[in-house]
Each structure stands twice: as C-alpha cells, then as structure tokens.
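Work through each task with the structure open, then compare with the solution.

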Amino acid sequence: MEQADYYLLIDVGTGSSRVALVDENRNIYDIQHIKNVYSEDAHEGMLIDYRLFINNLAIASRRVLETFDVRISAITVSGARQTFFCLDKNKKVLFGIPNIDDRGNHFLNQFTDQRKIVFEKTARNISGDFLAMKLVGLREVRPDLYNNVFSFTSLSELFALLFCGKLVIEPSQAAETQLFNIFDKNWDADLLKIFGMDSIFLPEIVPSQTIFPVINQKLLRKFGITNDDCKFVIGGADTQLAMKAILPESESKTLCLVSGTTSPVCVRVEKPMVKSNHWLDLDLTGKEYVLEYNPGVTGLNYERSKKLLLPESSYKEIEEHIDLAKIQNIYASFTTQTFVKEDGGKKYGGFFLSPPFTDSVSKEMFVGSIALDIGFSIAKKVNQLKKDVNVSYDSIVACGGGMNSVIIPQVVSTLTNMPVKIYENFQEPSVMGCFEVINSVLKKNLNSKDKKIRFEYYPQEKKPMERSYETWENLNLNITRK
C-alpha cells in the first residue's frame, strides 16, 4: 500500500458499532460491524459489560487490520449520546449505562419542584435519558453498584482513559448529563446538589480534536495496532460528528438530517435558542450550539417490519409499491410525537386503513407505509424548525442508513419544498466525522474537501402528498390520549 496516514475510526452506536480503516484521502479500506450487547435488570435498567464490550471491539479492529499492513497514525471514537461508563475510586471501569437504560424515569416525581431550575440550566426537561437520572435510578434500585461509583466518562471519551490514561469528556457529551450548565459550559454545583451527585468526581472538559499520546501499548496490540507512536484524538457525540462530516462549519443556509436509529434535523447556531419543542445541544468543541428537532421515529421500525412481513424482499422492491403521486391507502403511525401541546399526552400508534379490509392491500404497502411515516415525521420537524428559527434555508443535506430509502428523502423534499442532497459515504456519517476530526488536527489533505453528491431529490407535485400528510397528521391527533 502507498505511503499515507491511516486512521482507525471507531463508531459506537446504540444497536451496533463499527470499526473502520480510512486513509488521509478518505478511502475506506474496510469496515467491520458488530452488534452491541446489553444486560437487563430491574426497573427497565440496562448495563454494559465493560470487558465484553472492549473485547468485541478489539476483535472487530483486528479483523480490519489483519488484511492491511499499515501504520496507524491516529485513533478517534464517535459515541452514541447519553451512554456513559462508571469508574471506581482507582478510575478503573466498572460498567456502562447505555442510552436505552430508563430506570431513572421511575423516580422523576422526586424532582417535581426542581424541574424549572434544571430546564433553565440545561435546556432539557428532567428525563431518564440523561446521566443524572440514570445514576439516581441506579442509586435507588442498585445501591450495590452505585456505592462503588466514583466518577464517569462518556462512551467516546472512555477510550481516552483506556489508551491515554486521561479522564476527560467532550462538551457535546457533557451536555447530555444534566449535570452540566449548557450556557456557562461547565459543571454546575446546583445541578449536582439537586440530583445528589455532590461527591461524584467530574471529568475534565476537553474539546474535540484534542490530541493525547497513547501510553497503553498493550491495548494497542489488542486492537491489532503494531506501531507505538499512534495518537488518540478526541472525537465526541455521534450526531455532531455526522454533522461535521457533511455540513461545513461555515454553511449557514443548509439543514442537516441524520437519519438512522433516530432522525434528528439539526442546524448550528452561535447563540442559544430555548424552546420546548427542540433540544439545544453543544456542537463539537463547545463553541457553537446545535438546534435539534427530533421527529421521534426510528429506522428500526422500518427494518423490523420488513423482517417480520417481507424478509426476502429488498427495500427497493417494497418501495416500488408506494405511489407518491396518489393518495395513500394505508397509513402507519409509529412516531413518538404527541401532536398536542399539553403535558401528559400518551401516544398510541399502529397501521390504519379505511374499512372494510380489502384484498387490494399488500404486505409491501404495510411496510412501505412506515417509510412514509418516517418521511412525514421528518418533514413536520423541518417545517417547524424553519418557522421557529425564521431563516430561509436553501437545502437539506442528509446522511445515515435511512437515506438508502427512496421514499423518505423524496417525501421530505416535497413537503418542505427544499432539495435533499446525499453525498457519497452517506451510510457511515459518524465514521466520516471521525475522519474529519483527525484530518483537521493533523492538517492532512485539507484541500480535498469537495464531496461528491450521490443522490439529489427535488420537490415534486405536492397535492396528493399533502392530502396524504394531512390524513396522517389527523390520525396522529386522534390517537393521542391523556
């Protein structure tokens, strides 16, 4: 292989993880995918077995590198947000708590009087999604585990601890703890006191692109890396890294859609904006903010329905049965959007069609209706973002596995009246975000920033789709119950 800098890029998601070998010219040599493993305990609690987690990633890394005799210049990691690892007083890893751990939600009523102050400091309602309530839930249900917790770090910065001995956290991940003041951009004593975390040792805040030398050569060998001069570069949260891959920091008239397990619609802003219908995140390095409008749909709905009803069919074959130029016969509603302003609404969903049940419907139409549900949900959030921010955006740049669909980007384009652009390597945006982080800090090949557009969707005839969207929206309004 030619002389170049090669990078090992690790992207740890919710359902699965990826380890990739990429060179400084954006050439991807191999990507190994592995399924993440969780253990379930009481009160909707989920834990990550640390040793199994690292062993599985190391196996995937060795598989990637065993075919290619290359020197690895740098490693970086993209981590799913709201997943953290807990450490003991010797800063040894105890276990992980994934984003799908919901045990903290059972104890939210203990914090009714503190909701306002928490929202004012974090721009988020108190939720079991974030580390603070995950630890509260652990304290209530598993004191045997909680009493050994001295500190924590995020999923992505766990590897700075393992490879470099540095207990740190990136701002985009710190903002997911609800112990961090998103406006002061630092740990907050009031929040720590509210959640009873005063005794927790807090990791140092360091920005993305910070370089640390690797000191754990034994772990390098375990991951299949044979050279000792490899560097570790701080990455950060997966959504923000995906944005970095496809949306230049100077671009202010383009929205970013990251369609995968979830499908957040995002835009960078210099000054914070706080509204009840979106999340306010910190971007990589913590210098800018990210407005995130999440439609509450998951690509897993599409994947699981296909597996259940049409396991032998391709997505292309399924989507050929959906005619976007006609009003739909079958609707799906699997978004978690409540469609009501009042608190406490509970969302139900399912498949809907006009009675009686006829033989004109097919399995393909049922599965395809889920793609429509995803597209409608995303379009609703895009239009909401444009209204809230009051900016005229030129286009949407999209990435993630959801963009393998033809229906989803076309629905979004038509209902938002904006072109949707999809670049090459769109299936692995967080991996390529890791690449951009390393290439930027090593100042390699910075003149080859041009990305090739692989697909581009433009608005089509709107009336039939708007009629279908209106029916879908009314269904969602009618199936929300207090």
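**Exercise 1.** In this predicted model, find which residue forms a salt bridge with aspartate 188, and state where the two partners lie.

Solution. Start from the contact: aspartate 188 pairs with lysine 121, and their closest N and O atoms are 3.0 Å apart. Aspartate 188 sits in the loop between strand 12 (186-187) and helix 7 (189-194), while lysine 121 belongs to helix 2 (residues 115-122), so the pair ties together parts that are 67 residues apart in sequence. Finally, check burial: aspartate 188 and lysine 121 are both buried.

**Exercise 2.** Locate glutamate 473 and lysine 380, then classify each as buried, partly exposed or exposed.

Solution. The two side chains meet in a salt bridge with an N to O distance of 2.7 Å. Glutamate 473 is in helix 15 (residues 463-478) and lysine 380 in helix 12 (residues 363-389); the pair therefore ties together parts that are 93 residues apart in sequence. For the classes, apply the cut-off of under 20% relative accessible area for buried. Lysine 380 has 19% and is buried. Glutamate 473 has 22% and is partly exposed.

**Exercise 3.** How many salt bridges does the structure hold?

Solution. The count is 20.

How values were computed: Residues numbered from 1 in each chain as written. Predicted model: local features only at pLDDT ≥ 70, side-chain atom pairs only at ≥ 80, totals over all residues. Heavy atoms only, no water. Salt bridge = Lys/Arg side-chain N within 4 Å of Asp/Glu carboxyl O. Helix = DSSP H or I, 4+ residues; strand = E, 2+ residues; numbered from the N terminus. Buried < 20%, exposed > 50% of the residue type's maximum accessible area, 1.4 Å probe, protein only.
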